[in-house]
Amino acid sequence: MTHRSVEVPIVARVEGEGALHVKVEDGEITDLRLEIYEPPRFFEAFLRGRHFAEVPDIVPRICGICPVAYQMSAIHGLERLFEVDVPAGTRELRRLLYAGEWIESHVLHVFMLAAPDFLGFDSAIEMAKAEPALVKRALELKRVGNDLMGIIGGREIHPISPRVGGFSRAPRPRELQAMVPRLEDGLADLPGIADWVATLPRPAFDRPAEMVAMVHRDEYAINEGPMRSTTGRAFDARTYETVTREEHVEHSNALHSVMVDTGTPYFLGPLARINLNAAHLTPVAADCAKRTGLGLPQSDPFFSMAARVAETALAFEEAIRLIRAYEPPEPAHAEVRPRAGRATWTTEAPRGTLYHRYDVDDDGRILEAKIVPPTSQNLRHMEADLRAFVPGVLDRPDEELTRLCEMVVRNYDPCISCATHFLTLDIERG
Amino acid sequence: VSGVIRIVACGNPDAGDDGVAIAVAAAVRDRLAGSDRAEVFDVGPAIDAVPLLDEGGPVILLDAIRTRGGRPAGEVVRVEAGPDGLPVELGGPVSSHGFGVADAVAVARALGSTAPVVVIGVEAGDVTIGHGLSPAVAEAVPRAADLVLGELLALAPTS
């Protein structure tokens, strides 16, 4: 019997850490486990007993890449429970803040993680050496997103101005308008970037998948809207936990999400969103999608990078539109009177739908919190991808096999995805 | 030396010792109060330090580190970057963020940065999300800040 096991540990990673174990016997996968450590579990416990007003300061600390997503799901959910009427303009300012996060997160993934993978570079450093002008421009584009977040959020790493009821301080129109020329320059680059993405060698890996995302009647859904799936499911934040279920998995301290009725995994993120929101793509975003070769509907996960490029264009276009029409909310925030009950909400984090639930008492204390990040919802689907993908590449040498497995995982942009390549290979041969 | 001196702190303040650089930057900021000798930045993920390494002036990078082979938690290390980046024993993949300072310096160099770069690193122990600094690392904060101020004096010995 021939044993072959591949271990891909990814260690000491602040955004999460994980490892992939694949065991092959006589050409068959006998064991495949993806382990990821998830910070939200700690935060759920940490939130218990806190006052609701503290929540927007605590939850962004869960992720250094997408703090806004955590704030938005929490704030919207609590506002619905407390029946808060937010000041006019709040909704638009939140969408603008979220656009900033999509830009910085998507650009990071496309240029620092996906592109080096597709081009066969060992790291972003190799890619920077080979394509310095492109990487330099990518960092400038990312900066535009960071700066938007800084202006609106009051601070870049963990924004401090969003609060239940609105913003503690709304930016002055002048501050935002100064961003427009940079946003326009960035947007002008995206069709060229889409053309470049179309030239990258991409492993074809089309397979059926149930993709899930929020939808909205009037716009590409980010902050508001019910859930739809590509197989026809319809639900929303209030029914989220009756439609999907988190399962404890023996091999991992992470929870895996599946559909309650079928027990099957589902797929969240940019590719799911673009499939379910195609009618609301903005003009440059639609053009970029076309240029990348992304035909819709599309279930090949390796088109996620193309979807990210199109969504980056959308975020730039939306940011320009929202800034041009911007009038600061007055007052910056509404008064909030807590009441007991259950708050639920979803928003579209860069990596996919992020679900929050809070049980609150009459004084606005959090009795229980539940946070289901997109990475943990995608975990089971990632494993399914790997099970389908690995048999087709088993003939490759260990080093390449490891790289391809990583590529499948990184393609989802999981929180572990920023981890540098750190591989040790254990090969057992009988 | 021409150009503004930048002090750039990387790390997550909510992940145990990974937040040490942010604490060192705060201590440096306190001690520099009123001085225009340097600009201090908290960038969080090290990738966001790259643009700051390409603006001409010297840079002092602060980060929690894990050296290959390991040193006792709280040990403060000073390393100068060369034309290609940092020595590899610091740039080990077990940096406390996936994309660490060594990667940031290497990318900046690949993009043409010639800025003088010094890294003041503090060996991290516990980097658990939600924990504060471990005692050994908290004790290292003033020592690391002293080292940063010493660097500043060497770079701009005026006033």
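These legends walk through several close-up views of a predicted model. Residues are numbered from 1 along each chain as its sequence is written, while chains are lettered from A and ligands numbered from 1 in the order in which they are written. In this predicted model local features need pLDDT of at least 70, side-chain atom pairs count only at pLDDT 80 or more, and totals for chains, interfaces and linings use all residues; side-chain values use heavy atoms, leaving out hydrogens and water.

**View 1. Chain B is built from 3 helices and 5 strands.** Starting at the N terminus, its elements follow the order β-α-β-β-β-α-β-α. Helices (H or I, at least four residues) and strands (E, at least two) are DSSP runs, numbered from the N terminus. Chain B has 159 residues, and 58% of them count as buried, meaning under 20% relative accessible area with a 1.4 Å probe, protein chains only.

**View 2. Three strands of chain A form an open sheet in the order β11-β12-β13.** The pairing is antiparallel; two strands pair if DSSP finds at least two bridges between them. At the edges lie β11 (341-349) and β13 (366-372) of chain A, each pairing on one side only. On average, neighbouring strands are turned by 15° against each other, direction ignored. Helix α13 (residues 374-389) of chain A packs on the sheet, touching β11, β12 and β13 of chain A, and its direction makes about 125° with that of β12(A). Such angles run from 0 to 180 degrees between N-to-C directions, with axes fitted to C-alpha atoms, for helices over the stretch in contact.

**View 3. Here β11(A) meets β12 (residues 352-360) of chain A.** The two strands run antiparallel and are joined by 9 bridges. Look for A343(A), which stands opposite Y358(A) in β12(A).

**View 4. P58(B) sits in the loop between β2 (38-44) and β3 (59-65) of chain B.** Is P58(B) buried or exposed? P58(B) is buried, because its relative accessible area is 1%. Its C-alpha atom is separated by 13 Å from that of G82(B), 24 residues apart along the chain.

**View 5. L61(B) is one of the residues with the most contacts inside the largest nonpolar core.** That core has 153 residues; a nonpolar core is a set of buried Ala, Val, Leu, Ile, Met, Phe, Trp, Tyr and Cys residues joined through side-chain atoms within 4.5 Å. Helix α4 (residues 90-119) of chain A gives the most to this core, with 16 residues. L61(B) touches several residues, among them V8(B), C10(B), L53(B) and V118(B), not counting residues up to four places away in sequence; contact means heavy atoms within 4.5 Å.

Definitions and conventions. Buried means under 20% relative accessible area, exposed over 50%, partly exposed in between (1.4 Å probe, protein chains only).
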